[in-house]
Amino acid sequence: MLSKRTSQAGRLIGLMLIVISAFTVFAQDDAVTLDVIGLTVPPDEIGTPLDISRQEFITDFHEANPTITINAIEAPPEFDTQIIIDLAAGTAPDVWYQGSGNLPNLVAAEGILDVSVCLDLVPELTLDRFDPNFLSIHQQGDALWGLPDGGTPMVMYYNPETFANAGIDEPSMDWTWDDFLTTMQELTLDSAGRNRLDPEFDEENIVQYGFRVRNFLFEWIYFVWQNGGDVISPDGTTVDGYLNSPETIEAITFLRDLVLEYGVAPSPSALDQLNQQFGFLTAFLQGDVAMFARGHWEMVGLRNNEIYTEDRVNIVANPRNVEAATVIYESGWVLNAALADDPVRLEAACTLIEGLTDVQFQSSKVISGLEISANVEAAAAAVEVSEYPEISERFVMALADGRADYATRFAGWAVLVEEPINLMMENILAGGDIQEEVDITVEEINRELERANR
Amino acid sequence: MIYEKKPWDLPLKILGYSILCLVALAMIVPFIWMVSTSLKPSGAEFAYPPQILPTSFNLENYKNLFTLVPFGRYFLNTIIVTFFTVFGQIIICSMAAYAFARLKFIGRDVLFVLYLATMMIPFQIILIPLFLIVFGLGWVNTYQGLIIPGISSVFGIFLLRQAFMSVPGDYQDAARIDGASEFVIYWRIFLPLNGPALATLGVFSFMGTWTDLLWPLLIARDQDMRTLELGLAYFNSSLSAFQQTNWPLVMAAAVVLMLPVLLVYIFAQRYFIEGISLSGVK
Amino acid sequence: MASTTQLPTRTAKSRKSLWQKFWSSTNERMGYLFILPSLTHIILFLFIPLGFSLFLSFTDWRGTNIYNAPWVGLDNYEFMMGDRRFWNAMQNSAYYTLLSVPLGMAISLGVAVVMNQKLRGTYFFRTLFFMPVISSWVAVSVIWITILDPQAGILNYLLTSIGLPSVNWLGDPSTAMPSIVIIAIWKGLGFQMIIWLAGLQAVPEVLYEAASIDGANSWQKFRSITIPLLAPTSFFLFVTGVIGSFQVFSPVYVITGGGPRGATDVAVHRIYLRAFEGFDMGYASAQAWVLFSIIFVLTLVQFWVRRRRGEETLF
């Protein structure tokens with residue numbers, strides 16, 4: 001009997017121990033370490049302001065959330081390859097910084113999480129902090145694939161000195177294709193200072209070109225949009241009736257003619273020469289080419305250039321024709337899909353991306369000058385403190401006409417659609433027949449799209 | 001080679017030297033350019049006209065390489081990984097090569113064709129399955145994960161097999177009559193006789209391991225496990241992808257990476273020659 | 001064994017004889033022991049991944065969860081039949097192989113023969129020639145991009161100084177692939193030369209001496225002694241050269257990215273883009289297996305030609 005009682009007591013104590021230990025385990029479980037890619041810098045940038053702001057964020061965040069530790073992992077080389085392998089093996093980080101052009105691929109691979117769950121878990125996280133242009137990139141139907149961090153619309157950089165050389169006014173933010181073409185003709189100068197509209201113009205001695213035309217779709221897709229055309233159907237299933245529509249062909253012809261007909265943009269080989277001889281940015285800053293299309297990040301390259309001066313760089317929105325349009329490139333924070341199975345870690349990760357996108361951290365990293373913050377408040381503050389306020393303001397203005405890059409909408413875009421179109425344009429700029437090139441490309445892309453949407 | 005002295009010996013010699021010097025020039029000029037680029041400050045690499053000889057002597061890039069990353073640790077990792085890979089390749093490949101070249105067993109030819117066939121698959125396509133296997137073995141972030149997948153190579157087996165086949169059959173027969181076991185024949189006759197071929201394999205596997213990037217990229221996750229090439233590749237990685245490549249730094253990294261391999265080659269070259277004089281074939 | 005009795009006698013006999021063969025004294029069973037380490041290695045790290053990629057080629061696997069890979073049968077292969085760009089890339093690979101393998105072998109043999117003449121300083125030259133082999137493709141690529149530059153490049157400077165027109169090497173679709181070939185030959189010369197040298201040095205000197213006594217000149221000796229005796233070496237270089245050339249990737253990836261106008265878009269580059277930029281692993285695996293089959297058939301043909309010619313057989 002006695003033995004039975006003691007055994008009962010033993011059992012009771014055992015049970016209590018289990019309960020206690022369960023609590024301690026639970027308490028320990030509360031402390032999580034999140035693997036994060038995107039909060040470090042390459043070794044040669046250690047100690048730069050960007051690095052310091054990220055370091056401070058990590059420390060401050062841990063202080064504010066003692067149970068969450070951030071394990072900041074360096075971004076490996078060949079990141080987009082690595083992440084897909086990591087997802088396959090289950091070694092991907094919990095949270096990472098991702099160019100939004102990869103979102104559809106990651107969604108198709110079921111590698112990332114719909115972060116709308118975070119809105120319930122972390123009440124401080126509200127979507128009104130984001131610029132709708134950036135936010136919409138992450139919204140697909142009811143799903144929210146990550147949170148926007150920042151990005152840029154494509155704009156036109158110009159060198160004011162080249163306008164002075166040509167004796168014309170600088171462009172205005174609401175200029176049109178007609179203004180654009182005339183400006184380009186007036187900007188293209190020979191060694192005697194005559195412009196393209198001068199019948200005496202000397203073809204052999206061009207010292208200043210108007211614009212840079214390249215084959216890459218990301219530098220001209222908005223010309224198609226401006227003309228009321230498009231390259232692909234809204235549902236992404238066909239390019240027939242879009243890439244070969246009259247509006248699109250007209251836009252392509254307009255661009256080709258800048259090189260081959262009007263001669264206001266260097267031919268691909270002339271452009272190669274400039275690139276090799278000086279590097280393109282130097283060629284631009286010394287006035288060899290007056291304008292080129294690019295995003296916010298180019299400010300960094302330009303300001304680092306030896307011959308940079310403030311008077312040599314300004315930007316203007318893209319010209320409009322039927323409508324105003326440009327394309328937006330953006331990056332954001334995404335969560336590993338595997339977090340869905342672990343509520344504690346999920347909540348920690350949600351707290352983290354709330355912190356990463358709030359005004360404080362977003363304001364501290366604008367110094368990098370690479371992009372516009374997706375946080376509206378931080379973006380507005382950035383214009384105030386900018387070293388080039390006029391340019392910063394114009395970037396924010398240009399954002400209003402921005403549309404999402406199609407890579408953020410359709411899986412496999414880069415390989416299935418963009419690359420064939422780049423090749424098509426390369427052939428057209430080399431003198432290929434437009435209709436013929438477009439027809440082949442439409443057939444080829446549609447074949448791929450049919451398979452992809454099977 | 002002993003050639004008789006002929007009247008045209010001298011012109012031939014001059015011709016030989018001219019050819020060698022011409023080829024040597026074509027080989028060396030790009031490297032001088034590489035070294036001089038690594039001594040330029042960042043941004044000055046594409047000056048026009050191109051400057052072949054160093055115009056500046058800026059050791060900043062080298063200093064950065066050694067101070068910004070735990071260079072000693074990377075170096076040690078690389079040496080460990082390379083040593084065991086080369087050692088393993090020489091042993092495992094030569095054993096298989098001996099069997100394929102000199103032992104007649106059933107299924108040998110079929111197996112050899114299967115081996116050869118694996119050389120024809122582009123590595124990129126088995127990358128993911130291979131990683132999944134190594135991951136399943138729990139070898140991510142370990143030395144064995146870095147070493148064992150590279151410890152044998154079909155190329156090495158093929159190379160050594162060709163060399164072993166050229167050894168006269170009498171050597172093998174004589175040893176067998178003396179009662180030597182196959183292992184003794186392999187170890188005491190075939191390995192010493194094929195010094196140059198083994199050295200060639202050693203140099204190639206050394207080189208391949210020393211400069212491999214793709215595999216360490218997947219396996220070495222912690223900074224402590226990184227190899228030299230991988231550590232240097234991090235200089236070139238930026239998530240934003242908007243930054244311009246710092247070519248002088250990349251060139252300095254390339255010079256640093258190349259030097260040990262060059263030293264090993266110079267050492268092994270001496271061994272080729274010794275191997276030939278030891279071989280007894282001459 | 002029970003099943004054996006039910007089979008026709010002929011089969012039983014041949015099976016028995018295979019069994020007997022296995023245990024007979026002519027089967028050198030030590031061989032199995034010798035290949036065991038490499039066989040284990042190859043099964044684990046090559047055959048299994050390969051089998052897996054073959055499986056993937058019949059699926060539409062695009063993502064992370066392998067258990068979800070949708071089986072599509074031969075769809076990937078069917079689609080490939082009409083994939084204009086893939087076949088264009090195959091053609092480019094073939095063109096690259098046709099140019100680089102014979103040229104590379106011939107040039108490196110020439111250099112190896114000169115090196116074998118026991119001139120002073122060969123030690124120095126050998127080291128020099130080997131430097132490109134041991135440097136990384138990235139470094140080599142940057143160097144060559146500058147050398148081949150149409151305006152500022154050294155090569156065009158040399159051409160124009162001897163009165164030839166300058167060439168837009170990497171920018172012109174007709175010269176881009178030959179440029180890649182030049183770079184690849186330059187980088188591979190040292191490697192091929194070493195293999196040739198090893199072969200050359202294995203040629204017994206007695207043969208040359210005997211030929212000299214018979215009054216043969218250098219060229220005759222080269223043609224009737226060196227070339228035939230180098231057959232195993234040249235076969236090795238040819239086979240590995242063709243295999244390697246069809247797999248060319250790094251210089252294209254780093255230098256031209258497949259351009260200009262698709263002129264250097266080779267097969268592995270296309271496969272790589274599919275797999276790692278398009279996340280289309282299933283289709284990329286199918287492409288890889290077609291490429292593999294082509295290389296495999298080509299290699300078999302080489303073995304067959306060699307055997308028919310009665311040259312030293314491999315087996």
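1. Start with chain A of this predicted model: helix 18 (residues 413-429) and helix 19 (residues 434-452) pack at about 170 degrees, their axes 10 Å apart. Axes here are lines fitted to C-alpha atoms, for helices over the stretch in contact, with angles running from 0 to 180 degrees between N-to-C directions. Helices are DSSP runs of H or I, at least four residues, numbered from the N terminus. The two helices of chain A are therefore roughly antiparallel (angles over 145 degrees).

2. Who touches whom there? Helix 18 of chain A brings residues including Leu416(A), Pro420(A) and Met424(A), and helix 19 of chain A brings, among them, Val438(A), Ile445(A) and Leu449(A). Contact means C-beta atoms, placed from the backbone, within 7 Å. By class, this contact has 11 nonpolar, 2 polar and 3 charged residues (Ala, Val, Leu, Ile, Met, Phe, Trp, Tyr, Cys and Pro are nonpolar, Asp, Glu, Lys and Arg charged, the others, Gly among them, polar).

3. Now hop to chain B, where the axes of helix 3 (residues 71-102) and helix 10 (residues 195-210) come within 9 Å and cross at roughly 145 degrees. The residues of this contact divide into 8 nonpolar, 8 polar and no charged.

4. Chains C and B meet too, with 75 residues from each. Helix 3 (residues 30-56) of chain C gives the largest share of its side, 17 residues. That side of chain C splits into 51 nonpolar, 18 polar and 6 charged.

5. Housekeeping: residues count from 1 along each chain as its sequence is written, while chains are lettered from A and ligands numbered from 1 in written order. Local features need pLDDT of at least 70 and side-chain atom pairs count only at pLDDT 80 or more, but totals for chains, interfaces and linings use all residues.

Notes:
Angles under 35 degrees count as roughly parallel, over 145 as roughly antiparallel, 65 to 115 as roughly perpendicular and the rest as oblique. Two residues are in contact if their C-beta atoms, placed from the backbone, lie within 7 Å.
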